[in-house]
Amino acid sequence: MDGIISLLGLVSLCLEGVDPQGVYAPPSVRIVHSGHACNVEEERYSERVYTIREGETLELTCLVTGHPRPQIRWTKTAGSASDRFQDSSVFNETLHIAQIQRHQGGRYYCKAENGLGSPAIKSIRVDVYYLDPPIVTVHQSIGEAKEQFYYERTVFLRCVANSNPPVRYSWHRGREVLSQGSDKGVEIYEPFFTQLQGETKILKLKNLRPKDYANYSCVASVRNVCGIPDTSVIFTLTNKTASPAIKLLVEDPIVVNPGQTVALVCITTAGEPPPTLTWTSGGGAALPQKSQVKDGTLTLRDISSDEAGLYSCVASNNVGNPAKKSTTIIVRALKKGRFWITPDPYHNDDNIQIGREVKISCQVEATPPEELVFGWLKNGRTLRSSERMVITQTDPDVSPGTTNLDIIDLKFTDFGTYTCVASLKHGGIPEISIDVNISSTTVPPLFFPFLVPPSLAVPRGRSPLVAREGDTVDLECVVTGKPKPILLWTRADREAPMPDGSAQMESYDGVLRVANVSREMSGQYRCQTSQYNGFNVKPREAVVELIVQYPPTVEPTYMEIRQGLGRAVSMSCRVLRAHPSRVLRYEWRLGSKPLQSGHFDTRDETEYSIRALAQENYGEYVCEIVNEAGAGRCVFNVTAKAYAPEFYYDTYSPIWQNRPRVYGFKLQWTQMNPDAVDRIVAYRLGIRQTGQQRWWEQEIPVEAPIRKGELLTYNLTELIRPEAYEVRLTPITHFGEGDSTVRIVTYSAPINPHLREFHCSFEEEPICLFTQDKNDDFDWTRHSAATRDTKYTPNTGPSGDRTGSKQGFYMYIETSRPRKMGDRARLVSPIFNVAPKSPYGLSNPPAYCFSFYYHMYGKHIGTLNAFLKQKGQSASADSPVWTLTGNQGDRWRQAKVSIHPTASFQVAFEGVRGPGIEGDIAIDDVILEEGECPNTPPTPEESKAPASDVHIWLLVITMAMTLLRGQR
């Protein structure tokens with residue numbers, strides 16, 4: 001952290017002139033990749049195609065410009081379906097998908113918006129490449145089908161593999177490669193009905209011969225794209241090869257009781273190769289979780305009604321069509337017993353009277369329905385069908401599981417308890433009994449008070465029912481009648497759901513309890529009698545109205561107002577809705593201090609104003625509007641705090657580097673709404689290394705008022721490479737500190753040379769983001785003389801780096817075997833951006849001085865070339881910007897060349913191997929400076945100073961720098 005102390009003394013603040021909008025700009029976006037791409041096709045119809053192998057890591061970065069910093073969102077579409085990511089990375093600049101799968105291919109969109117102009121959107125199509133192992137299926141000619149599969153004369157072998165891109169197939173018989181026309185008995189073709197070229201390849205064996213019984217292999221290839229290797233499968237064709245046949249050793253259907261264990265046994269009766277047996281449930285659905293499959297036997301333990309259904313055994317050996325046998329499991333069950341009473345249908349009267357007919361109906365759901373048996377009891381004794389007591393069972397197709405007891409010419413002697421008993425023929429399931437009580441102690445003439453048709457009424461004072469939001473209320477309908485029916489509750493507005501979200505709710509006591517009522521539950525509720533467990537007559541119904549009162553809904557619920565001292569402020573609180581709608585009163589407070597209160601007239605808002613803000617006027621203002629149900633609150637936070645600064649992320653080349661371990665950063669920002677409060681007089685800068693606790697702080701004074709969009713610059717120096725730093729910036733006014741904003745400053749190699757900003761001595765392992773060309777013959781090597789093995793080639797290569805240090809690093813080409821004459825190694829720099837002098841592009845291309853040190857010593861030295869590679873162009877071997885061939889002696893020399901790029905560019909070094917092993921070429925200290933090269937490279941004689949002299953000069957310079965620091 002000592003470097004940070006120095007940093008705080010080595011800063012500068014400048015205000016750059018801007019137009020009225022300043023640096024505010026709408027977003028722009030582009031997508032770059034940094035994952036395991038096989039290939040990236042450049043812009044094609046405004047879209048890029050990114051090819052990746054399945055299982056690799058997809059990493060797409062959305063690079064945005066625009067100020068304020070745009071917000072980023074990733075979305076994906078595939079075909080007609082839209083897929084939005086569920087993980088948080090959707091809002092990050094980098095989209096990271098580890099082990100990408102084929103279904104994750106598609107078009108990915110990056111959307112950036114910052115509130116200025118239209119959102120910026122770019123897309124890239126991700127194409128996932130894969131190759132599954134091929135599958136060979138064997139078929140016979142349909143017209144020649146016989147009992148044994150391979151007594152026919154014609155056989156088809158079909159090879160299929162799922163892949164992207166399309167597959168190329170090849171067929172082999174043993175070691176023999178089969179091709180069209182190579183054998184008269186063999187034909188290879190693609191069927192015309194395939195939807196995609198390369199989808200399949202069929203091998204047709206005509207007039208089957210003895211030599212056709214052999215091992216056939218199908219090789220599937222995608223031509224090694226993305227490094228995907230070929231896959232193959234072998235099928236052995238013999239005279240015993242046959243399609244599968246199976247047999248189920250169970251009944252169909254299988255009827256069992258709940259809780260039993262069911263074993264379904266499936267065996268193969270034919271098939272070569274031996275078929276594979278699998279079990280499926282229903283229409284191919286997964287088997288129950290607790291099921292077990294072993295050797296073709298499916299075992300279902302402790303079976304339940306939910307596991308009933310169709311089960312299929314499928315045998316497959318890729319010969320002919322799979323064999324399939326199915327059986328149905330039926331689990332016995334009885335449930336949902338209910339009854340209803342029907343008065344004499346020949347009289348228009350809902351009452352039951354002596355001398356008339358009455359019907360008692362009983363219904364039960366049974367599985368299987370054909371096993372359902374009904375019985376009737378009267379007062380516990382078996383009741384048999386007679387002329388006056390007629391017992392019938394309805395047609396299962398019309399009303400399944402229903403029995404009726406018709407009492408003809410009802411008499412007093414028919415009083416008693418009638419019981420309907422439902423059971424299954426083979427037992428094992430508990431019976432269901434339903435009792436209907438027909439008895440009375442006092443019977444008026446001609447009428448049964450114990451059988452009373454239902455009626456409904458809403459108790460007095462229970463409609464409309466008024467409640468407050470959050471209360472628990474009981475909606476009540478009083479139902480009378482014998483027997484008492486079930487009540488069904490619905491909303492009068494059929495489209496509105498019930499409080500539990502359903503369309504209908506049941507009540508056995510006539511009361512519907514609703515907890516935590518909300519304003520959406522206001523309205524009319526309909527209660528209606530059900531025919532089940534009651535009379536089979538026209539339903540009775542009544543309506544209950546629920547009125548939910550709630551406090552006023554107001555706007556704004558919260559607002560922050562930033563104003564400077566002496567300025568006027570006006571606050572308004574408006575009522576949007578309330579029940580009851582008559583608002584009683586309002587009250588304004590500052591903290592706990594009352595300000596003003598009153599009653600509403602015809603208006604729906606109230607206002608509070610301050611002509612000139614004083615120090616005591618700042619704080620939290622609350623406007624409370626009250627009705628009978630409660631209060632709604634508008635909150636206003638009046639403050640003179642300055643808004644947060646907005647860091648500027650589009651600074652051109654913010655990083656520079658003058659020394660190997662130290663870098664600087666150009667920190668820039670604008671001030672959000674600088675005129676909203678009092679003038680900003682300073683900024684408080686805090687900085688700390690990421691992961692550390694302690695902040696180092698310093699104030700930056702601001703002399704003049706800041707304009708909207710004005711770009712402020714603060715140069716951070718003495719940052720330790722490659723550490724990252726957390727930077728915090730807080731505006732300060734006479735009122736005090738405003739809102740802070742924080743960003744992270746991370747080191748990356750400078751992307752554009754300014755003065756001596758790009759200087760690479762290859763001392764660090766990343767080698768300044770230089771990369772090896774993938775299209776050359778071999779690679780450059782990073783080495784130091786202290787670790788290099790010189791036993792094999794002692795008469796070539798440097799004895800130290802260009803300063804003479806044996807510990808210093810440099811890059812060189814090793815020309816020992818297996819290298820051969822003419823082999824090339826290329827080292828490519830990172831991309832450097834060219835800054836346009838005007839907003840209309842590059843009218844006069846800038847000049848840069850490109851310099852480096854080289855060492856070419858050995859009798860077999862080949863050639864060293866330096867290239868300039870611009871965007872959209874390729875480095876040509878015929879046009880290097882600098883080249884040199886042959887032995888230059890055991891010394892380091894410097895080369896300088898002026899370059900004039902017109903677009904983003906890279907520099908590349910190419911070492912060409914000479915005729916023998918003593919031809920190592922080395923480079924060191926690559927520098928890019930803005931401007932033409934000031935002088936020519938030194939002559940060979942000027943570079944002959946021995947290494948010891950260099951060390952002496954370095955010692956003198958070091959001592960001088962030490963003395964200077966001591967004086968400071």
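# Cysteines, a sheet and a core

User: Why is Cys 62 called buried?

Analyst: Cys 62 has a relative accessible area of 0%. Buried means under 20% relative accessible area, partly exposed lies in between, and exposed is over 50% (1.4 Å probe, protein chains only). The value for Cys 62 falls under the cut-off, so Cys 62 counts as buried. The model is predicted: local features need pLDDT of at least 70, side-chain atom pairs count only at pLDDT 80 or more, and totals for chains, interfaces and linings use all residues. Residues are numbered from 1 along each chain as its sequence is written, and side-chain values use heavy atoms, with hydrogens and water left out.

User: How do you know that Cys 62 and Cys 110 form a disulfide?

Analyst: Their sulfur atoms are 1.6 Å apart, and a disulfide is a pair of cysteine sulfur atoms within 2.5 Å. The pair therefore meets the definition. The torsion about its S-S bond is about -90°, so the disulfide is left-handed. Cys 62 lies in strand β5 (residues 58-67) and Cys 110 in strand β9 (residues 106-113), so the link ties together parts that are 48 residues apart in sequence. Strands (E, at least two residues) are DSSP runs, numbered from the N terminus. Cys 110 is buried as well, at 0% relative accessibility.

User: What makes the disulfide of Cys 573 and Cys 634 right-handed?

Analyst: The torsion about its S-S bond is about 70°, so the link is right-handed. The S to S distance is 2.0 Å. Cys 573 belongs to strand β47 (residues 569-579) and Cys 634 to strand β52 (residues 630-639), so parts 61 residues apart in sequence are tied together. Both cysteines are buried.

User: Why is Cys 623 not counted in a disulfide?

Analyst: The nearest cysteine sulfur, that of Cys 573, is 3.8 Å away. That distance is not within the cut-off, so Cys 623 is in no disulfide. At 0% relative accessibility, Cys 623 counts as buried. A search of the whole structure finds eight disulfides, including the one that joins Cys 760 to Cys 768 with S to S 2.1 Å. Its torsion of 95° about the S-S bond is right-handed, and both of its cysteines are buried.

User: What makes β31 and β35 edge strands?

Analyst: The open sheet has four strands in the order β31-β30-β34-β35, with antiparallel pairing. β31 (381-383) and β35 (432-438) each have a single partner strand, so one side of each is left without a neighbour in the sheet.

User: How do you know that β34 and β35 pair?

Analyst: Two strands pair if DSSP finds at least two bridges between them. Strand β34 (residues 416-424) and β35 have seven bridges in the antiparallel sense, so they pair. One of the bridges can be seen at Ala 422, whose partner in β35 is Ile 432.

User: What makes a group of residues a nonpolar core, and which members of the largest one touch the most others?

Analyst: A nonpolar core is a set of buried Ala, Val, Leu, Ile, Met, Phe, Trp, Tyr and Cys residues joined through side-chain atoms within 4.5 Å. The largest has 33 residues, of which Phe 762, Phe 770, Trp 780, Phe 850, Phe 852 and Leu 864 touch the most other members. β66 gives the most to this core, with five residues.

User: How do you know how confident the predictor is?

Analyst: pLDDT is the predictor's confidence in each residue, from 0 to 100. The protein has a mean pLDDT of 83, and 84% of its residues reach 70 or more.
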